[in-house]
Amino acid sequence: MTRKRSGGVSRRRAMLAAAAVLLATGTASAGWFGLGGSSDTGPVYTGLVEGVAVGGYDPVAYFTQGRPVKGRAEIAAAYRGATWRFASAANRETFLAEPEKYAPAYGGYCAWAIAQGKLSKGDPNNWDIVDGRLYLNYNGNIQARWRKDAAGFIGKAETHWPGLTAGN
């Protein structure tokens with residue numbers, strides 16, 4: 001598993017300012033953020049906390065603290081039709097500068113289930129970072145299966161994800 005640090009401050013500030021304007025005016029879209037991979041499009045799972053991605057956990061903290069950290073309702077941002085919560089304003093800025101880097105693959109749905117051609121909830125406490133990407137799984141048993149061949153499951157999930165989300 002690899003980890004990377006976010007880009008330079010000037011790029012981050014420019015992206016944050018542009019994102020804030022677009023989000024405030026309701027004109028932001030996944031395309032604006034340069035999302036191209038199939039796992040970066042489609043719905044975001046918000047079933048654990050209504051309308052909130054990653055069950056209210058801070059997606060940046062997985063990368064910076066190596067563990068799930070609850071986000072705060074007052075430190076939030078809108079992205080891909082969901083509310084994302086953060087433990088700090090700095091984490092929110094980091095996310096907004098490169099949301100596709102920190103948002104979980106497959107919108108936070110269970111990565112193993114996607115590989116099976118199914119949609120299922122992702123649990124923010126059952127996670128892995130593989131090649132710089134956050135993946136969530138349904139529970140500990142499923143995560144154990146996932147870890148036996150994460151790369152193979154990712155390959156399968158990439159073929160299923162677009163069809164599972166068609167029309168969403």
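Colleague: Why is R80 called buried?

Modeller: This is a predicted model, so every value here is computed from it. R80 has 18% relative accessibility. Buried means under 20%. R80 therefore counts as buried.

Colleague: Where does R80 lie, and what is its phi?

Modeller: R80 lies in the loop between β1 (72-79) and β2 (82-86). Its phi is near 50 degrees, a positive value in a residue other than glycine.

Colleague: Where is V54, and is V54 buried or exposed?

Modeller: V54 is in the loop between α1 (9-25) and α2 (61-64). Its relative accessibility is 5%. The cut-off for buried is under 20%, so V54 counts as buried.

Colleague: Which residues touch the most other members of the largest nonpolar core?

Modeller: V54 is one of them, along with Y62, W84, F86, F95 and L134. That core has 21 residues. Six elements each supply at least two of its residues: α2, β1, β2, α3 (89-97), β3 and β4 (133-137).

Colleague: What is Y62 in contact with, beyond its neighbours within four places in sequence?

Modeller: The partners of Y62 are V54, Y57, R67, P68, P124, W127, I129 and L134. V54 and L134 are also among the core residues that touch the most other members.

Colleague: Which residues does the second core include?

Modeller: A105, W146, A150 and I154 are included. This core is separate and has 19 residues. In soluble globular proteins, nonpolar side chains tend to be buried together.

Colleague: How many salt bridges does the structure hold?

Modeller: The structure holds 3.

Colleague: What makes R147 and D128 a salt bridge?

Modeller: Their closest N and O atoms are 2.9 Å apart. The cut-off is within 4 Å, so the pair qualifies as a salt bridge. R147 lies in helix α6 (residues 140-148) and D128 in strand β3 (residues 123-130), so the pair ties together parts 19 residues apart in sequence.

Colleague: Are R147 and D128 buried or exposed?

Modeller: R147 has a relative accessible area of 53%. Exposed means over 50%, so R147 is exposed. D128, at 4% relative accessibility, counts as buried.

Colleague: How do you know that E74 and R72 form a salt bridge?

Modeller: The closest N and O atoms of E74 and R72 are 2.7 Å apart. That value is within 4 Å, so the pair counts.

Colleague: Why is R72 called partly exposed, and E74 exposed?

Modeller: R72 has a relative accessible area of 41%. E74 is at 56%. Exposed means over 50%, so E74 counts as exposed.

Colleague: What is the distance between the closest N and O atoms of E98 and K101?

Modeller: They are 4.0 Å apart, and E98 forms a salt bridge with K101. E98 is buried, and K101 is buried too.

Colleague: What does the protein chain hold, and in which order do its elements run?

Modeller: The chain has 7 helices and 4 strands. From the N terminus on, they run α-α-β-β-α-α-α-β-β-α-α. Buried residues make up 46% of the 168 residues.

Methods: Residues are numbered from 1 along each chain as its sequence is written. This is a predicted model: local features need pLDDT of at least 70, side-chain atom pairs count only at pLDDT 80 or more; totals for chains, interfaces and linings use all residues. Side-chain values use heavy atoms; hydrogens and water are left out. Buried means under 20% relative accessible area, exposed over 50%, partly exposed in between (1.4 Å probe, protein chains only). A salt bridge is a side-chain nitrogen of Lys or Arg within 4 Å of a carboxyl oxygen of Asp or Glu. A nonpolar core is a set of buried Ala, Val, Leu, Ile, Met, Phe, Trp, Tyr and Cys residues joined through side-chain atoms within 4.5 Å. Contact means heavy atoms within 4.5 Å.
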